[in-house]
Amino acid sequence: MSALAAEKQTGLTTTFKVLARTSNEAATDTLLAALDSSEAAIREAALRALLNRHSLAGHQTLLKRLHELDPRWREILYQFRGTMSHALRKALLSDDPQNCANACQAVLWFHEYDLMPALVSLLETEDSPSASLAAETALALADAFYEELAGAGRATTRQDPQILRNHLVATLEGSVTRYARHRRGEPIEVFAMLAPRDNVTLKRILFAPLHTSYRPLMDTLTRSVRPGVLRLLLGYVDDPQAPSAALTAIAHRRDAAFVNALLKKTGADLTASIRRNLARIEHFSWLEPGQTLLDELSEENQRAAVQLIMASGMKRLEAFETIAHLVSHGKRAGRSAAAAALAEFHGNEANQVALKALEDEDPLVQAAVVEQLRERGIPGAISLLLKLTGHPQPLVREAARRSLAEFSFARYLASFDALEEPVRRSTGSLVRKVDPNAASLLLEEMTAPSRRRRIRALQVADAIQIVPEVEEAVVTLLFDDDHLVRLEAARALAQGVSVEACHALRAAESDSSVTVREAAADSLASLVRQRPELVMLAETQEAVALVAGHIGEP
């Protein structure tokens with residue numbers, strides 16, 4: 001910058017400082033004229049000086065010309081927003097529509113929440129051409145303030161937000177009670193956005209259907225998608241003293257924004273208050289036939305919808321139809337939750353839905369209905385469950401086994417002595433299929449110090465046809481000190497599947513006990529009939545061993 005230019009710049013700065021500070025009102029006119037300068041630096045300096053003067057006339061003129069000013073000056077105006085409140089208030093109440101429109105624009109730019117009362121007054125003025133604009137501005141200003149309260153917007157208030165909120169709510173209460181006079185719904189919507197659920201005026205209206213503001217308030221609660229209104233309505237879900245009117249509004253909403261928010265709130269563990277309030281709701285509009293929102297929900301919200309439905313006061317048939325729809329057409333988590341909820345419904349239709357769900361691709365869905373089969377009294381349920389104990393999916397196998405819990409090895413063992421032989425074998429067959437731990441538990445019994453337990457273990461092994469899995473332990477017991485144990489072991493080895501079992505039985509034919517020898521011979525005879533190749537192999541090995549022994553003699 002040249003010396004001459006620097007001197008000129010210094011002179012301009014000094015001039016505008018003087019114009020900003022002088023008490024001579026003629027300076028205002030000079031600065032207003034400078035706004036039209038061909039030089040950008042002069043125009044901006046004049047604007048700053050005007051804003052620094054705190055001149056009501058200057059500020060009013062700026063507002064009149066706001067729609068003509070350089071848009072880049074918006075940030076400069078924002079820096080001086082606190083100095084223009086008086087001019088803004090006068091502009092809002094002026095008869096000039098353009099001046100009022102400029103003021104409304106500035107109110108939103110500057111977040112002048114203190115001017116909400118002026119906006120309310122203007123929107124209530126029936127013959128004002130700017131009443132509708134004031135109503136729109138009030139809603140937009142409330143949106144901005146709610147964002148600040150929720151922490152989603154830039155903090156601009158120059159006082160405590162909660163104190164300001166209380167002030168605004170008090171202002172709006174008056175307009176709400178004057179609804180019969182002005183018939184505008186915007187003040188009611190702004191009031192619903194900012195008022196807490198325990199506000200006295202709000203509760204008085206909700207508990208009084210004949211109140212002049214009741215219908216417009218219900219319309220707001222049922223239709224408005226503004227976050228503040230949703231927040232208020234959702235607050236009643238867990239309110240111990242929720243008005244019936246609020247619950248009615250919740251029931252009638254069918255917009256995705258609200259329904260998703262509702263399901264998020266009710267998707268976790270339900271408190272006692274939430275359960276009581278949901279039980280008071282007998283119908284949800286978004287679940288009516290023909291509505292598609294349920295199918296459009298996310299997996300997690302479909303799961304939450306099931307919980308909501310089951311906790312609600314919906315008629316059983318309506319609830320069943322919705323649950324059945326989700327079982328068949330829901331997303332993964334929705335189908336799983338619906339399949340579990342299906343346990344609350346009985347009858348042929350519910351049974352058919354459950355059986356169809358067994359074909360679902362998701363093992364969680366299959367497992368949920370598997371555990372319901374016996375309680376439903378479906379013919380052939382036990383046979384079906386036994387088949388499912390061999391299902392390739394672990395979740396389904398475990399569900400089937402839990403459904404057949406009475407066929408556990410522990411229970412079978414405890415009642416074994418009291419069972420007749422045919423029942424021992426038929427029930428034992430089920431136990432072997434149902435309890436995957438049967439073999440390991442039986443081995444524990446076979447090594448028990450009690451002779452009675454070892455004998456019973458061998459009898460159980462024979463009854464449930466599990467000897468091949470525990471054959472080594474049975475062979476060991478064939479040489480037990482107690483001849484009664486040896487006897488049962490010899491009988492059990494009729495199910496033997498190894499050469500070692502044949503060798504052991506051959507050896508037992510020389511047992512000191514006649515009954516053991518006879519049992520060993522009978523078991524060998526049984527093996528000859530059932531597995532002749534096994535016995536022949538054992539005899540061949542014995543012959544080879546005998547020849548080898550002779551060759552080795554001196």
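The following legends describe close-up views of one predicted model. Residues are numbered from 1 along each chain as its sequence is written, and side-chain values use heavy atoms, with hydrogens and water left out. Because the model is predicted, local features need pLDDT of at least 70 and side-chain atom pairs count only at pLDDT 80 or more, whereas totals for chains, interfaces and linings use all residues.

View 1. The largest pocket holds about 290 Å³ of space; a pocket is, on a 1 Å grid over the protein atoms alone, an open set of points where a 1.4 Å probe fits, with protein on both sides within 12 Å along at least five of seven lines, and lining residues have an atom within 4 Å of a point. Grid points are joined across faces, edges and corners, and the volume is the space filled by probe spheres set on the points. The lining has 15 residues, of which Leu-287, Glu-288, Pro-289, Glu-321 and Thr-322 are the closest to the pocket centre. Helices α19 (293-296) and α21 (316-329) each supply at least two lining residues, and α21 gives the most, with four; helices here are DSSP runs (H or I, at least four residues), numbered from the N terminus. By class, the lining has six nonpolar, five polar and four charged residues, where Ala, Val, Leu, Ile, Met, Phe, Trp, Tyr, Cys and Pro count as nonpolar, Asp, Glu, Lys and Arg as charged, and the others, Gly among them, as polar.

View 2. The structure holds 28 salt bridges, each defined as a side-chain nitrogen of Lys or Arg within 4 Å of a carboxyl oxygen of Asp or Glu. In one of them, the side chains of Glu-421 and Arg-425 meet at 3.1 Å, N to O; the two residues are four apart in helix α28 (residues 421-434), and are therefore separated by about one helical turn. Glu-421 is partly exposed at a relative accessible area of 38%, and Arg-425 is partly exposed at 32%, the classes being buried under 20%, exposed over 50% and partly exposed in between (1.4 Å probe, protein chains only). Glu-469 forms a salt bridge with Arg-432, with the closest N and O atoms 3.0 Å apart. Because Glu-469 lies in the loop between α30 (451-463) and α31 (471-477) while Arg-432 belongs to helix α28, this pair ties together parts that are 37 residues apart in sequence. Glu-469 is partly exposed, with a relative accessible area of 47%, and Arg-432 is partly exposed at 32%.

View 3. The side chains of Arg-486 and Asp-511 meet in a salt bridge of 2.8 Å, N to O. The pair links distant parts of the chain, 25 residues apart, with Arg-486 in helix α32 (residues 483-492) and Asp-511 in the loop between α33 (499-508) and α34 (514-530). Arg-486 is buried, with a relative accessible area of 9%, and Asp-511 is buried at 11%. Elsewhere, salt bridges that share partners join Arg-197, Asp-238, Asp-239 and Lys-265 into one network.

**View 4. The largest nonpolar core and the surroundings of Leu-442.** The largest nonpolar core has 183 residues, and those with the most contacts inside it are Trp-286, Ile-323, Leu-442, Met-446 and Val-474; such a core is a set of buried Ala, Val, Leu, Ile, Met, Phe, Trp, Tyr and Cys residues joined through side-chain atoms within 4.5 Å. The largest share of this core, nine residues, comes from helix α9 (residues 131-149). Leaving aside residues up to four places away in sequence, Leu-442 touches Phe-409, Ala-457, Val-460, Ala-461, Ile-466 and Val-470, contact meaning heavy atoms within 4.5 Å.

**View 5. Arg-48 in helix α3.** Arg-48 is found in helix α3 (residues 40-53) and is partly exposed, at 29% relative accessibility. Not counting residues up to four places away in sequence, Arg-48 touches Ile-76, Gln-79 and Phe-80. Arg-48 and Asp-462 are 414 residues apart in sequence and 103 Å apart in space, C-alpha to C-alpha.

View 6. His-111, a residue other than glycine, has a positive phi near 55°; His-111 is placed in the loop between α7 (97-110) and α8 (116-123) and is partly exposed, with a relative accessible area of 23%. Gln-465, although not a glycine, has a positive phi of about 60°. Gln-465 lies in the loop between α30 and α31 and is partly exposed, with a relative accessible area of 40%.
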